[in-house]
Amino acid sequence: MKVIRQENELPESIVKWGWKFHHLGIPTKKKLPDEKYLPQFKFYVSGFYTSPFGIEWMRFDKDSTVNNLIQTVPHIAFEVEDLDYELANHDFKIITEPNSTAHGIRIAMIEHNGAPVELIEFKNPE
């Protein structure tokens with residue numbers, strides 16, 4: 001039987017799985033102040049380091065190989081304790097295989113009901 005979430009209840013990913021909200025990524029075509037370029041993905045990020053709400057803007061190069069869904073639809077990102085465990089124990093549609101974005105950081109992107117969701121694992125964060 002499918003459980004229906006009530007208005008005042010947090011999502012299952014937070015309550016039962018222990019995930020933590022990390023950020024909201026929003027694609028844009030506008031150049032924004034203080035952009036940081038990520039050459040391995042061919043896109044710019046901005047806003048993350050200063051937003052009290054965890055909002056990150058992403059502007060992609062035309063030849064970026066990042067999945068088109070991520071380039072066009074906002075995504076929510078969650079911190080997880082064990083990325084491999086989460087991917088192995090849920091029936092997720094993986095759209096970006098696990099990879100390292102920086103030392104001690106691994107991510108994967110999944111699709112849920114047409115929306116991208118980022119899972120982030122931090123090992124020995126500095």
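**Close-up views of hairpins and salt bridges**

**View 1. The hairpin of β6 and β7.** Two residues lie between the strands of this hairpin, and G104 takes a positive phi near 80°. The model is predicted: local features need pLDDT of at least 70, side-chain atom pairs count only at pLDDT 80 or more, and totals for chains, interfaces and linings use all residues. Residues are numbered from 1 along each chain as its sequence is written, and side-chain values use heavy atoms, without hydrogens and water. Strands β6 (residues 93-102) and β7 (residues 105-112) run antiparallel, joined by six bridges. T96 has M109 in β7 as its bridge partner. Strands are DSSP runs of E, at least two residues, and helices runs of H or I, at least four, numbered from the N terminus. Pairing requires at least two DSSP bridges between two strands.

**View 2. The hairpin of β7 and β8.** Eight bridges pair β7 with β8 (residues 115-122), again antiparallel. H112 partners A115 in β8. N113 takes a positive phi near 50°.

**View 3. The salt bridge of K42 and D63.** Their side chains meet at 2.9 Å, N to O. A salt bridge is a side-chain nitrogen of Lys or Arg within 4 Å of a carboxyl oxygen of Asp or Glu. K42 is partly exposed at 30% relative accessibility; D63 is partly exposed at 47%. Buried means under 20% relative accessible area, exposed over 50%, partly exposed in between (1.4 Å probe, protein chains only).

**View 4. The salt-bridge network of D84, R106 and E121.** R106 and E121 bring their closest N and O atoms to 3.3 Å. R106 is partly exposed at 25%, whereas E121 is buried at 4%.
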